[in-house]
Amino acid sequence: MVGEEAHLGRAAARLGFSRERVGELLAALERRIGSPLVDDTGDRLRLTPFGEEFLASLIPAYGSLVSVLEDARERASGTRHRVRLGFPGPLHEAVSRAVKVFEERSVDARVDLLENPVTDPFGPLRHGRVDASVVLLPARERDLVIGPVFDRRPQRLALPPSHPLAARTQVGVEDMARVPLIPVLRATDHTLRVRAPTITPLGKTIHHETVVETLRDGLRLVASGRGGMLLCGSGDEHLDTAEVALVPVRGLPESSFGLVWPRGARNPGVPALASAFFETLV
């Protein structure tokens, strides 16, 4: 958890412990192993090279343990169609409809909704914390299956109203080279591919501005005239200011969300939930 968050306070909040307790547990683990796992000498907490190797070797074992424990609990409780579903941000209407259909089919069908970190949409799947996730597409992860796709809409460029492109009804993908993009700190490769490309299809460079912690912080910089942000999905929950213009971008793939799950997943509720999605999207 500390490795994912790169921050003791945020890791403590996710674990439900105090910051001091997380620090004590981390120190005890380092003493037991005999090597530092984190480096807190810089501006940000980060894993040491040894810590990165340790985490990489631990993740598969942790995922297997979680899967075994969850399978045993489901067998003991008789709940064979329980699905832990990860989702980013506010719950989408299409997700709510599919969950309702899934749960109405059987008395033992249940979906537990867990919010995924935006900067790590696939981590909870790979770590065994969720069985399936709703993620922003495109996704090119070979170990994941992409199921039903929904909420297709044009990608939009958030611009300061004073920018020359802001008055247009739409802009072309090559126009994106005319405004620096504001990326989000610690964004995954997947997020950067979708929201912060570095080159247009014709090879023009798309410059990047200073990174920000959150999408909301980025939109504040957009409003101040520092650059633009490419928004996928509605993004409306982040728009708390009237000082941002949203212009659809012609030439980019549509923004969409999809239900994804690991290849070889054993939970029988996952394909049943995917079927409910397909039915409600017709």
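Buried means under 20% relative accessible area, exposed over 50%, and partly exposed in between (1.4 Å probe, protein chains only). These legends describe a predicted model, in which local features need pLDDT of at least 70, side-chain atom pairs count only at pLDDT 80 or more, and totals for chains, interfaces and linings use all residues. Residues are numbered from 1 along each chain as its sequence is written, and side-chain values use heavy atoms, with hydrogens and water left out.

**View A. Aspartate 151 in strand S6.** Aspartate 151 lies in strand S6 (residues 144–153); strands (E, at least two residues) and helices (H or I, at least four) are DSSP runs, numbered from the N terminus. With 16% relative accessibility, aspartate 151 counts as buried. Its phi is positive, about 55°, although the residue is not a glycine. Most residues other than glycine have a negative phi.

**View B. Strand S11 and its two partners shown here.** Of the eight residues in S11 (residues 255–262), seven are buried. Two strands pair if DSSP finds at least two bridges between them. S11 pairs with S6 in the antiparallel sense over six bridges, and serine 255 in S11 is the bridge partner of arginine 153. Strand S5 (residues 132–137) also pairs with S11 in the antiparallel sense, over five bridges; leucine 136 stands opposite phenylalanine 257 in S11.

**View C. An open sheet of four strands.** The strand order is S8-S10-S7-S9, and the pairing is mixed. S8 (171–172) and S9 (229–231) are at the edges with a single partner strand each, so one side of each has no neighbour in the sheet. S8 pairs with S10 (residues 245–250) in the parallel sense over two bridges. Glycine 172 is opposite arginine 250 in S10.
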